[in-house]
Structure formats: structure tokens, C-alpha cells
Amino acid sequence: MNNLEPLIFNYIVKIPKEYFPYIWKRWNDLSTWSEWDNGLQETIFNGNSIEFGKTFQVLPKMGQGPVTVCVTSFIHDTHFTTTSHGPVGAFSIGHSLIEN
């Protein structure tokens, strides 16, 4: 039996709700991800938007090549999670717009 616990990292930025549509627009535009994520060189995709089940690649600035990711959770205008798989297991990153 495996007793390992998942590693969970959480980072929160408080942003006024009126900016949510602008943030979602940027998240949904795969061609601009390297503009707001300093760790990315580029994204490689067909169809420039996110949706549940979509698979695309991100090319990290520091790495050995493109990483395939899949949108594994999606709530329009509110949340999405991308998941990739590597030698140490699955790696998921969620992005959420949550009103306080």
C-alpha cells in the first residue's frame, strides 16, 4: 500500500472582480501564455482556446523539449486545470477566478 501524500502548492492573488473577464480572455488565448508565464518559451496548439479535453504542448524555457498537457477540468469563465505526466507522476496546475 502506498502511503504517499500528494504535494499541493497554492498561490493566491486577490484581484477585483471587474478584471475577471480580462484575465479569462488572456488565459483562453494560448498564443499569449508565454507573455504572462515567464517560464514558457511558447505554446504549440491547434485552435487557440482552452476547453475540456484539449491537448496541446508547452515549451519551457528550461527543459528538454515540449511537454504535452491536457485540460482535465474546465468551467467556462471561471476555472481550468492542465495536467501533464512525467517520470515522477502527474502534475496538475489549476487556475481559478473566485469571488470572495
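Which residue in β5 is the bridge partner of Thr82? The legends below take that up first, working through close-ups of a predicted model.

**View 1. The hairpin of β4 and β5.**
Thr82 has Ile93 as its bridge partner in β5. That pair belongs to a run of 8 bridges joining β4 to β5, with the two strands antiparallel. The turn is made with 2 residues between the strands, giving a hairpin. Have a look at how β4 sits here: 6 of its 8 residues are buried, so the rest of the structure largely encloses β4.

**View 2**
On its other pairing, β4 meets β3 in the antiparallel sense, over 5 bridges. To get your bearings, find Ser73, which stands opposite Thr81 in β4. This hairpin has 3 residues between its strands, and Asp77 lies in that loop between β3 and β4. Check the backbone of Asp77: its phi is near 65°, a positive value in a residue that isn't glycine. Is Asp77 buried, partly exposed or exposed? Asp77 counts as partly exposed because its relative accessible area is 42%, which falls between the 20% and 50% cut-offs.

**View 2**
Strand β1 covers residues 40–44 and pairs with β2 in the antiparallel sense over 4 bridges. β2 also pairs with β3, again antiparallel and over 4 bridges.

**View 3. Ile50 and the largest nonpolar core.**
In soluble globular proteins, nonpolar side chains tend to be buried together. Here, the largest nonpolar core has 14 residues. Trp33, Ile50, Phe56 and Phe80 have the most contacts inside this core. At least two residues of the core come from each of α1, β2 and β3, with α1 giving the most, at 4 residues. Zoom in on Ile50 and skip its neighbours within four places in sequence: what's left in contact with Ile50 is Trp24, Trp27, Asn28, Leu30, Trp33, Val71, Phe74 and Phe80.

**View 4. The largest pocket and its lining.**
How much space lies in the largest pocket? About 1700 Å³. The lining of this pocket runs to 43 residues, and Phe9, Tyr11, Ile93, Gly94 and His95 lie nearest the centre. Elements giving two or more residues to the lining are α1 (20–28), α2 (33–36), β2 (55–60), β3 (67–75), β4 (79–86) and β5 (89–96). β5 gives the most, with 8 residues. Sorted by class, the lining has 26 nonpolar, 13 polar and 4 charged residues.

**View 5. His95, among the residues nearest the pocket centre.**
His95 lies in strand β5. Is His95 buried or exposed? His95 is buried, because its relative accessible area is 16% and the cut-off for buried is under 20%. Leaving aside neighbours within four places in sequence, the contacts of His95 are Trp27, Trp36, Thr78, His79 and Phe80.

Technical notes: Residues are numbered from 1 along each chain as its sequence is written. This is a predicted model: local features need pLDDT of at least 70, side-chain atom pairs count only at pLDDT 80 or more; totals for chains, interfaces and linings use all residues. Side-chain values use heavy atoms; hydrogens and water are left out. On a 1 Å grid over the protein atoms alone, a cavity is a set of points where a 1.4 Å probe fits but cannot get out, and a pocket is an open set with protein on both sides within 12 Å along at least five of seven lines; lining residues have an atom within 4 Å of a point. Grid points are joined across faces, edges and corners, and a volume is the space filled by probe spheres set on the points. Ala, Val, Leu, Ile, Met, Phe, Trp, Tyr, Cys and Pro count as nonpolar, Asp, Glu, Lys and Arg as charged, and the others, Gly among them, as polar. A nonpolar core is a set of buried Ala, Val, Leu, Ile, Met, Phe, Trp, Tyr and Cys residues joined through side-chain atoms within 4.5 Å. Buried means under 20% relative accessible area, exposed over 50%, partly exposed in between (1.4 Å probe, protein chains only). Contact means heavy atoms within 4.5 Å. Two strands pair if DSSP finds at least two bridges between them.
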